[in-house]
Amino acid sequence: ILFDFKEAIVLLMNGNGKALVGAPVDQNQVRLSEFSVALGSSGVVAESARLRQLAFVSGDEASLSVADEQLLRVLGTQSLVCVPLTLGPRCLGVLIGGVSSWQVPGLRPREQLLKSFGSQAASALEATQGANEEASQRVASVAGEYREAARRVVHEANNPLSIIKNYLSVLGSKLEKQE
């Protein structure tokens, strides 16, 4: 809304920092999680993340990478605006906005605002990822506590059952002798 993007998607840095992977924002973008751009590859999107610089992609450029062409098709636009989500020296991902070709000249003077937005978005993203990681750790901790409690319950139930089993075995051997 702020930059009049027709559509926008987010590609986040993967765990090893060597590729950008699609981050589905809603249920319509679930297939986006299968999309990946290697940072070592050519292309404007990869370069934008590597250099942590704003970039514009036009559909009429002859030297577009396959990933850039796919993103143009996915967004159904003539041009792309690549806003790196940077936090200090790190790039957490890239916000890619789809725009019409006539919008690009109007966005170029707003580059500083786009960069500031990318920094603020990266800060919010990192805070959210930190909260999600903390919640995952709490869930794992609770799951571990439940497993331990279940193990103790099984152990406690097993003790009387073992005693009963032994008594039945002894009773069975005495009954065999007496018929």
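Trainee: Which residues is S65 in contact with, leaving aside its neighbours within four places in sequence?
Mentor: With those neighbours left aside, S65 is in contact with S42 and G43, where contact means heavy atoms within 4.5 Å. Keep in mind that this is a predicted model, in which local features need pLDDT of at least 70 and side-chain atom pairs count only at pLDDT 80 or more, while totals for chains, interfaces and linings use all residues. Residues are numbered from 1 along each chain as its sequence is written, and side-chain values use heavy atoms, with hydrogens and water left out.

Trainee: And where is the place of S65?
Mentor: S65 is in the loop between β4 and α2, with helices (H or I, at least four residues) and strands (E, at least two) taken as DSSP runs and numbered from the N terminus.

Trainee: Does S65 count as buried or exposed?
Mentor: S65 counts as buried at 11% relative accessibility; buried means under 20% relative accessible area, exposed means over 50%, and partly exposed is in between, with a 1.4 Å probe and protein chains only. Its side chain also reaches the backbone nitrogen of D68 at 3.1 Å.

Trainee: What are the buried residues of α2, then?
Mentor: In helix α2, which covers residues 66–75, the buried residues are A67, D68, L71, L72 and L75. They sit on the same side of α2 because they cover an arc of only 140° around the axis, the arc being that of the directions from the helix axis to the C-beta atoms. The face turned away from this buried side carries the exposed residues V66, R73 and V74.

Trainee: What do the buried residues of α2 pack against?
Mentor: They pack against β1 (7–13), β3 (36–38), α1 (44–51), β4 (55–58), β5 (79–87) and β6 (90–99). L71 by itself touches I9, L11, F35, V45, L80 and I96, not counting residues up to four places away in sequence.

Trainee: How many residues has the largest nonpolar core?
Mentor: The largest nonpolar core has 23 residues, and those with the most contacts inside it are L11, L20, L71 and I96; such a core is a set of buried Ala, Val, Leu, Ile, Met, Phe, Trp, Tyr and Cys residues joined through side-chain atoms within 4.5 Å. At least two of its residues come from each of β1, α1, β4, α2, β5 and β6. A second, separate core of 17 residues includes F3, F5, L12 and V99.

Trainee: Switching topic, how many disulfides does the structure hold?
Mentor: The structure holds zero disulfides, a disulfide being a pair of cysteine sulfur atoms within 2.5 Å. The sulfur of C82 is 11 Å from the closest cysteine sulfur, in C91, and is therefore too far for a bond. C82 is buried, with a relative accessible area of 0%, and C91 is buried as well, at 12%.

Trainee: What should the 68 residues of helix α4 span?
Mentor: At 1.5 Å a residue, helix α4 (residues 111–178) should span 100 Å, and its end C-alpha atoms are 98 Å apart, which agrees; the expected span is 1.5 Å times one less than the number of residues. The buried residues of α4 are L114, G118, A122 and L125, and what covers them includes β1, β5, β6 and α3 (104–107).

Trainee: Last one: what does E7 touch, not counting residues up to four places away in sequence?
Mentor: With those residues not counted, E7 touches L75, I96, G97 and G98. E7 lies in strand β1 and counts as partly exposed at 42% relative accessibility.

How values were computed. Polar contact = N/O pair within 3.5 Å; in protein donor to acceptor, adjacent residues only side chain to side chain.
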